[in-house]
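Look over the sequence and the structure before reading on.

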Amino acid sequence: MRIGSLAAAVLLLVCSWQAAAQNVGVADLQDYTLKNGQDLADLCGAEPGDELYAEAKQFCYGFLSGVVHFHDALAAGPNPRRIVCPEGKVTRQDGAAIVVAWATAHPDEASTTDPAEAVVKAALDKWGPCQQ
């Protein structure tokens, strides 16, 4: 009997993990609260057929732009230090794809990380820290 209960628990865990992994990029109204990096990844990963596609993409792009502007302002301050130095021009679409890829590769971390920190972690995963 205990083996059956253990098997059922493992099956439930695997199914919930798979459901969470498949849900990356599926935007819903709860994602707009931006409780974590996963919410941001869901908005950034919205697809054209999604009901909230236009709103999700614009919210994602606006948030990413805000993080980049804040980073640039810090880097221009009295103690300038850039965290990430991407190579070449990076579009908002590129940024969205990088956040989605990071959240897909790190689902546990994405669900517990602040959205702005998730953007930084995703960028660091892609380009590494600046060599200063």
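## The link of Cys-85 and Cys-130

The link of Cys-85 and Cys-130 is right-handed, with 105° about the S-S bond. The model shown is predicted, and in this model the sulfur atoms of Cys-85 and Cys-130 are 1.8 Å apart and form a disulfide. Distant parts of the chain are linked by this pair, since Cys-85 is in the loop between helix 3 and helix 4 and Cys-130 is in the segment after helix 6, 45 residues apart.

Are Cys-85 and Cys-130 buried or exposed, or something in between? Cys-85 has a relative accessible area of 36% and is partly exposed. Cys-130 has a relative accessible area of 13%, so Cys-130 is buried, because buried means under 20%.

## The link of Cys-44 and Cys-60

A disulfide also joins Cys-44 to Cys-60, with an S to S distance of 2.0 Å. The torsion about this S-S bond is about 95°, so the disulfide is right-handed. Because Cys-44 lies in helix 2 and Cys-60 in helix 3, the pair ties together parts that are 16 residues apart in sequence.

Cys-44 has a relative accessible area of 2% and is buried. Cys-60 is at 0% relative accessibility and also counts as buried.

How many disulfides does the chain have by this rule? The count comes to two. With bonded cysteines counted along the chain, the disulfides follow the pattern 1-2, 3-4.

Some contacts of Cys-60 reach beyond its neighbours within four places in sequence. With those neighbours left aside, Cys-60 is in contact with Leu-40, Leu-43, Cys-44 and Ala-96.

## Asp-42 in helix 2

Helix 2 also holds Asp-42. At 5% relative accessibility, Asp-42 counts as buried, because the cut-off for buried is under 20% relative accessible area.

Asp-42 and Ala-96 are 54 residues apart in sequence, and their C-alpha to C-alpha distance in space is 9.9 Å.

## The largest pocket

The largest pocket holds about 490 Å³ of space, and its lining is made up of 23 residues. Which residues lie nearest the centre of the pocket? They are Leu-64, Val-68, Pro-86, Val-90 and Val-119.

Helix 3 gives the most, with seven residues. By class, the lining has 14 nonpolar, six polar and three charged residues.

Conventions
Residues numbered from 1 in each chain as written. Predicted model: local features only at pLDDT ≥ 70, side-chain atom pairs only at ≥ 80, totals over all residues. Heavy atoms only, no water. Contact = heavy atoms within 4.5 Å. Disulfide = S-S within 2.5 Å. Helix = DSSP H or I, 4+ residues; strand = E, 2+ residues; numbered from the N terminus. Buried < 20%, exposed > 50% of the residue type's maximum accessible area, 1.4 Å probe, protein only. 1 Å grid on protein atoms, 1.4 Å probe; cavity = no way out; pocket = protein on both sides within 12 Å on 5 of 7 lines; lining within 4 Å. Points joined across faces, edges and corners; volume = space filled by probe spheres on them. Nonpolar A, V, L, I, M, F, W, Y, C, P; charged D, E, K, R; others polar.
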